[in-house]
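Good morning, and thank you for coming. Please look at the sequence and the structure on the screen while I speak.

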Amino acid sequence: MSSAASSRTQAGDASLGTGLKDRHLTLMGLGMSVGAGLFLGVGAGIRAAGPAIILAYAIAGLVVIAVMRMLGEMAAARPSSGSFATYGRQAFGHWAGFLLGWLYWFLLIMVGGVEITGSSQIIAGWFNISPWIPALVSVVFFAAINLAQVKGFGEFEYWFAMIKIVVIIGFLVIGSLLWLGVLPASDFVGFTNIQDSGFAPHGITGIGAGLLAVAFAFGGIEVVTIAAAESANPAKAVLRAVNSIIWRIAVFYIGSVLIIILLMPYETISGADTAADSPFSHVLESANIPGAAAFMEVIIVLALLSAFNAQIYGTSRMAYQLAKDGDAPAWLGKVGKDAVPRNAVLVSVFFAFVAVGLQSWNPPGLIDFLMNAVGGCLVVMWIMTVLSFIKLHPELQAGGENKALKVSSRWIPWATLAALLGLTLLMLSDASTRNQIFSVVALSAVLIFVSFLTRGLSGANRSDRLG
């Protein structure tokens, strides 16, 4: 990276705070990745692949580990709240930074709308009120959290994530005791349920379907590299956070799935729309834990709200960096005395309301298109992150910038790229996921076209700021 580009990146982040600690970053990424998708969605993957879903999680996990190692190396060397969008810009130019920044912003806004809608519907059922009331209260509350100093956000997200970690550890302990037959009224289960169904009841095709069901389970972990720019020592923070998050997520996801497939007959496992249908609830109920479904419902709400909180953070910081790079209105790049980009936070909150409203309105075809595009966004971002790393890695090595975190083997980026392209082909071959690729390609084409219209303007804006 040229010295001018380096100074721009540093200047772009200098106005933000440095209140996030290593423990905040570690649990923030964990909290984004371990959520309602695990508690409610794990059954769909198991139904598709059977016990062989373990292979699907392992494959997806290895791909995400590789992507995060590459992203972590770039973030440690050149910390930026734009993260992969910044590195895409440095590697391939303006269009790549514009595309990745706005694609990620769109992704988090739409997913945030889904999560606040889902949590509000559950809360509304508890109190027999209209869903818009808890939605409004939640959004206002998390807006206040994100408008305060970043340390407060980090602390809040830390304890949110800690609750989920304690629950999952408790689930793993209870499930293990059930499997061993240690708890009262329980017998040693062994591998009976796996033997009854077979390891891969639907063969390779089922494993492929399972892979599609779990491929994006780890999405959200990349927020760590965005948040690292607001830590006192970004390189150290990224190093510790990426390494610790990877093994913890592997243990929590694969451990939870293993407990479920060992304890529950395959024919009883399916996707869940409610906490009562969740495999987690069924396992806890078999341990004679009263109110298991109600307890899991509370945890699911906390998971949704935690993710929404982090998504406001992620979208606001990405919008801030886009403004600094001249790809968004300059007023989104302004910060207050507390080093918080308030305008960017408020815009994120506003569009979260818009996303909730769109889902309530549900105009024919629009929501399907938008949510399909969301499904393909992570594929685009992961592929572009790998390509950015391949392009920038020689530069990092030549400049001695990659001392904190290193991708040890040269073949890893290329193998990861091949795996991601294989996932894309798998999605194209499956009727249920094909539209995700078509929709994100259409959205990406529009964003790239707009990027060429704004290229001159963004360059002029950056020159003005540097001057």
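Let me begin with a definition: a residue is buried if its relative accessible area is under 20%, exposed if that area is over 50%, and partly exposed in between, with a 1.4 Å probe and protein chains only. This is a predicted model, in which local features need pLDDT of at least 70 and side-chain atom pairs count only at pLDDT 80 or more, while totals for chains, interfaces and linings use all residues. Residues are numbered from 1 along each chain as its sequence is written, and side-chain values use heavy atoms, with hydrogens and water left out.

I turn now to the salt bridges. A salt bridge is a side-chain nitrogen of Lys or Arg within 4 Å of a carboxyl oxygen of Asp or Glu. As a general point, side chains of opposite charge can pair when their charged atoms come close. How many salt bridges does a search of the whole structure find? The search gives 5.

One of them joins E395 to R78, with the closest N and O atoms 3.0 Å apart. E395 belongs to helix α16 (residues 366–398) and R78 to the loop between α4 (53–77) and α5 (83–92), so the pair ties together parts that are 317 residues apart in sequence. Helices here are DSSP runs (H or I, at least four residues; strands are E, at least two), numbered from the N terminus.

With D327 they are linked in a network of salt bridges.

The side chains of D338 and R342 also meet in a salt bridge, at 2.9 Å from N to O. D338 has a relative accessible area of 16% and therefore counts as buried; R342, at 42%, is partly exposed.

Next, two of the helices. The expected span of a helix is 1.5 Å times one less than its number of residues. After α14 comes G326, whose phi is positive, near 80°. Helix α4, with 25 residues, should span 36 Å, which agrees with the 36 Å between its end C-alpha atoms. Helix α4 is mostly covered too, with 18 of its 25 residues buried.

On backbone angles, most residues other than glycine have a negative phi, and most peptide bonds are trans. Which residues other than glycine have a positive phi here? Among them are N128, with phi near 55°, and A339, with phi of about 65°. N128 is placed in the loop between α6 (94–127) and α7 and is exposed because its relative accessibility is 73%. A339 lies in the loop between α14 and α15 and, at 16% relative accessibility, is buried.

Now to the aromatic rings. Rings of Phe, Tyr and Trp (its six-membered ring) pair if their centres lie within 6.5 Å; planes under 30 degrees apart count as stacked, over 60 as edge-to-face and the rest as tilted. The structure holds 17 aromatic pairs. One of these, F142 with F156, is edge-to-face, at 6.1 Å centre to centre and 80° between the planes. F142 is in helix α7 (residues 132–147) and F156 in helix α8 (residues 150–180), 14 residues apart. F142 is buried at 2% relative accessibility, while F156 is partly exposed at 26%. Ring pairs also join F141, F142, F156, F160 and F308 into a cluster.

Finally, the nonpolar core: a set of buried Ala, Val, Leu, Ile, Met, Phe, Trp, Tyr and Cys residues joined through side-chain atoms within 4.5 Å. The largest such core has 145 residues, and Y104 and I260 touch the most other members. Contact means heavy atoms within 4.5 Å. Leaving aside neighbours within four places in sequence, I260 is in contact with V42, I46, F171, I269, P279, F280 and V283. Thank you for your attention.
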